[in-house]
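Subject: Structure handover: salt bridges

Hello,

Here is the structure you will be taking over. Please open it first, then read the notes below it.

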Amino acid sequence: MKMKLFAAAAMLAVAVPTSAQTARPADSLILTAGKMDAIANPQKTFDAWTVALTALKAEKPQRRAEVANAMRARADALLSLSRTEEAIAEAQAALLLLDTSRDADIVRAGLFTTLGNGADGQSQWPKARDYHRQAMELHAKTYGPESVDAATSEADLGLELTKLSDFPAALKALEHSFAVQSRARPPADPSRLVAGVYLANIYYSLQRMTDSEQLLRRLIADGQPLGAAHPLMSQMVSQLASSLAAVGRPIDAMVVHRNSIAMLAANGTNKSVLADALMGATLVSLQLDRPEETESLAAAAAQNFEEFGQALSSAAALTQAANAARQLDRPDVALVRADRAVATARGLQQPVAMATALFEGTQAIALAANGRAAEALATQTRALEVIAKVRPPSHPQRIYAEIELGWLMALNGDAKAGSARIRPIVESIVRRNRELEIARTRVVPITSNLESYGQAMDAAYLAGDTEFGFMLAQVLTESDAGRATLATLAKLSARDPETAKRLDRRRELLGQRIDLDGQRLSKITDATAVAEINGKLTPIDAEIASIEAALTRDFPGFDKLLRPAPGPLAAVQKRIAPGEVLVVPVTTYHGFYTFAVSRDRVAWGRSSLSRTGVRNLIERVRLAMPSTGAIRAGRDKAATDSAASTGFDRAAAADLYAAIFTPNVAALAARANLLSIASDDVMSTIPLGLLPTGHGPRAPWLIERVALRAVPAIAALGRSDAVPMPSDGFVGIGAPARTSTTATVTAGTTRLATSMSDLPPLPGAETELRAMERAIGGRHTTLLTGVDATETQLRAATKVSTRILVFATHGIVSGEFDMLTEPALVLAPDATVPGAAGDGLLTASEAATLHLDAEWVILSACNTASGDQLSAAGYSGLARAFLFAGGRQILASHWPVRDDVSARLTVETIREARNGRSGPEALRMAMLKLMRDKKLPGAANPALWAPFMIVSR
């Protein structure tokens with residue numbers, strides 16, 4: 001982004017009269033106008049300089065240099081007002097007034113800067129580079145090469161070199177410019193801050209993401225005197241968000257982007273700055289796989305760029321809108337938009353070859369989506385030739401272009417060569433991603449590469465490269481729950497209790513650090529709040545460093561256990577039990593793929609359904625499912641007894657079954673007595689047991705044929721715990737006392753005031769817990785109900801060896817109350833305990849800090865298998881949290897369950913398990929008994945019997 005810094009170009013010495021001169025009327029007007037900030041107040045600045053210019057032109061004789069300088073200042077304001085052509089004309093007219101004197105050279109340098117900024121706004125980067133170089137040379141000639149004036153022009157030159165991909169020259173110029181200005185100017189000086197922003201931008205382009213992020217945080221702190229409303233502050237915050245997204249924190253990045261956009265919109269800043277912020281949010285939204293939101297943001301960015309006269313930037317936004325349309329299964333719209341973007345790039349007065357090539361990449365994908373694969377291949381081949389001349393092999397734009405070309409080669413019949421071209425590139429990406437470790441409630445998503453991974457999967461399938469395809473499937477099914485399982489296994493692999501304790505403590509501290517940094521990012525322009533949070537982070541960082549030093553010494557390689565590489569197919573097969581089949585359904589925008597893997601066979605199927613198509617089927621199936629807490633409380637039985645039954649979209653469910661279980665996959669699955677499902681984020685939102693195995697009305701449900709479980713991490717499959725299970729111990733908590741008081745709850749990074757008093761009572765919850773206690777028996781049982789169902793008492797009870805932990809209460813999903821940003825279980829509030837520990841909510845973050853060694857954790861509550869809406873990683877939510885805490889098998893629900901039905905399912909599952917059945921088979925038997933109960937109204941309805949699932953490690 002080209003920040004328009006036009007406020008403080010040096011006024012000529014002759015502009016203000018010396019003691020030997022007589023003051024003129026224009027002088028005071030010049031001084032007033034010179035104090036204006038063209039970034040923050042462009043219209044007022046323009047008006048002030050117009051008044052000063054009128055006075056200057058009225059003088060006899062005219063001071064031509066001062067007139068030209070006033071015209072330059074007014075042109076800068078015009079640029080900030082998006083009136084680019086007028087600004088260029090004004091600056092060119094001013095140049096004609098100048099002679100060859102020193103004073104004239106100073107003004108001329110300023111005018112070259114203005115013309116460079118104008119050329120940049122028109123995407124004429126070579127011309128902009130040349131203007132800025134001339135400005136720098138004039139300033140160096142007049143003031144010296146180490147002067148701040150020369151350094152300011154050098155920063156502008158560095159930005160244009162960055163845009164022209166001359167990275168070595170750009171880095172040298174920008175580091176020198178920022179160093180000079182940091183020595184000579186105060187920290188909050190806008191010119192210095194802009195140079196820093198440009199330097200952070202080149203770090204970003206060079207993939208030095210940590211350097212970019214750290215510099216931007218420093219600049220934002222330095223810029224606090226400008227005020228949070230200053231457009232330059234908004235620009236720095238927006239660029240910080242882009243850096244966060246690049247290091248795997250898109251959720252935090254989107255929060256920062258939204259704050260920046262809100263500030264810019266409220267301040268009525270120029271369209272270009274707002275458009276840049278919108279474009280940044282567009283790219284993060286695409287990374288988060290939110291095509292509807294992406295389309296809306298891209299359209300807004302394109303409109304703002306167009307109003308500012310930045311045709312090329314508008315076209316870039318249009319390509320993102322094209323990507324979103326294609327992902328939403330509107331390929332014709334995508335192609336129209338991509339064609340427009342390419343035509344715009346080619347139609348510029350000075351076309352930019354690199355931008356045109358990138359737009360052609362989007363056009364090629366749209367052509368392929370419209371069945372024009374041969375044209376797509378020719379287009380992408382031409383585009384890659386241009387990109388390869390500018391971008392090194394490690395640059396993301398080069399990587400994605402290479403993968404796209406390989407995929408198009410496969411579509412055009414050269415599948416083996418296409419897949420072979422892609423595979424080493426993807427393997428390199430995967431290796432690099434191993435270096436990013438996840439802490440508690442955040443996951444580095446692969447969705448930033450989802451498009452390329454989908455192309456790679458399609459090419460591998462067409463080439464019959466099963467090993468490569470299975471590697472991709474493992475990457476695409478990574479999730480927060482998987483990280484939870486691997487973290488627990490790493491702890492259990494520790495050689496001694498002290499090392500295990502360190503791993504646990506490190507995980508807790510990393511989680512605290514991310515949460516605190518999220519708070520800091522949300523208040524990044526509030527110096528007081530940031531300083532307070534920094535004070536909290538300092539001891540946490542010190543303790544993390546100390547623990548990691550000890551782990552490196554005593555447990556070398558611990559980090560590899562937390563983020564293992566995808567395993568070879570044969571190695572995974574060895575860990576699959578006899579009679580078990582691993583099923584891995586993966587959604588992409590280029591097809592729906594499913595692996596079925598047993599100890600001795602592999603089947604790989606493909607459906608033409610896109611990721612959006614699968615989502616639509618799942619949405620149709622889930623429309624018939626309950627969605628309110630009244631169901632859980634048993635107050636709305638009619639919804640599950642009749643309406644939901646007649647509304648169940650059996651055809652959509654059968655279509656989904658057919659897409660997953662293609663003939664070869666179904667044939668292998670038919671040999672199993674257990675299907676272990678490793679799903680991606682889309683497929684983890686529905687229990688597969690409710691899928692009918694055919695389109696006829698009498699086709700059996702999948703659960704009638706085979707037991708199922710969800711496995712959160714393929715890497716953890718078949719890895720048994722070295723620690724023996726506790727033989728006894730039952731803790732049940734639920735039916736919490738209701739309160740009319742308002743509780744202050746902690747959710748992610750936000751404290752909210754939320755009243756729990758409107759939640760319906762759960763008359764069957766205590767009955768369920770007591771029935772569970774009777775079914776389990778044993779000597780060590782603890783029931784916490786009513787006012788005793790608090791977080792404090794829960795933590796005390798689970799310190800003792802616990803085999804079964806049961807929650808019978810309300811579950812709340814993200815966003816259900818105010819701005820609750822993570823799922824939670826409702827407990828009883830405890831007025832004697834301050835803060836989050838006594839608020840009556842056990843959030844996922846808090847649940848993850850429990851220290852469990854439980855065979856079963858039963859979440860008999862609403863939506864406890866639902867994902868966190870922010871991360872949307874498979875089986876995130878509460879199930880993930882209890883895996884972190886140490887649970888082996890988590891029984892959780894996908895939607896609200898009537899408490900009488902929940903009691904039957906959970907108690908029967910445990911009873912069957914105690915009779916020797918495996919957990920998945922025990923749940924299956926409990927479901928079959930319930931659905932075949934003729935005395936229970938609506939028993940055959942999947943809304944009643946299908947919500948529960950087992951997630952096990």
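Start with D649 and R620, whose side chains form a salt bridge at 2.9 Å, N to O. That term means a side-chain nitrogen of Lys or Arg within 4 Å of a carboxyl oxygen of Asp or Glu. D649 sits in the loop between α30 (637–647) and α31 (650–660) and R620 in helix α28, so the bridge ties together parts 29 residues apart in sequence. Helices are DSSP runs (H or I) of at least four residues, numbered from the N terminus. R620 is partly exposed, at 35% relative accessibility. The cut-offs: buried is under 20% relative accessible area, exposed is over 50%, and partly exposed is in between (1.4 Å probe, protein chains only).

Two notes on the source. This is a predicted model, with residues numbered from 1 along each chain as its sequence is written. Local features need pLDDT of at least 70, side-chain atom pairs count only at pLDDT 80 or more, and totals for chains, interfaces and linings use all residues, while side-chain values use heavy atoms, without hydrogens and water.

The whole structure holds 48 salt bridges. One of them joins R611 and D289, at 2.6 Å, N to O. R611 is in helix α28 (residues 611–622) and D289 in the loop between α13 (271–287) and α14 (291–308), 322 residues apart. Both residues, R611 and D289, are buried. They also belong to a salt-bridge network with R615, D680 and D681.

R513 and D541 pair too, at 2.5 Å, N to O. R513 is partly exposed at 25%, and D541 is partly exposed at 29%.

Best wishes

Technical notes:
Helices (H or I, at least four residues) and strands (E, at least two) are DSSP runs, numbered from the N terminus.
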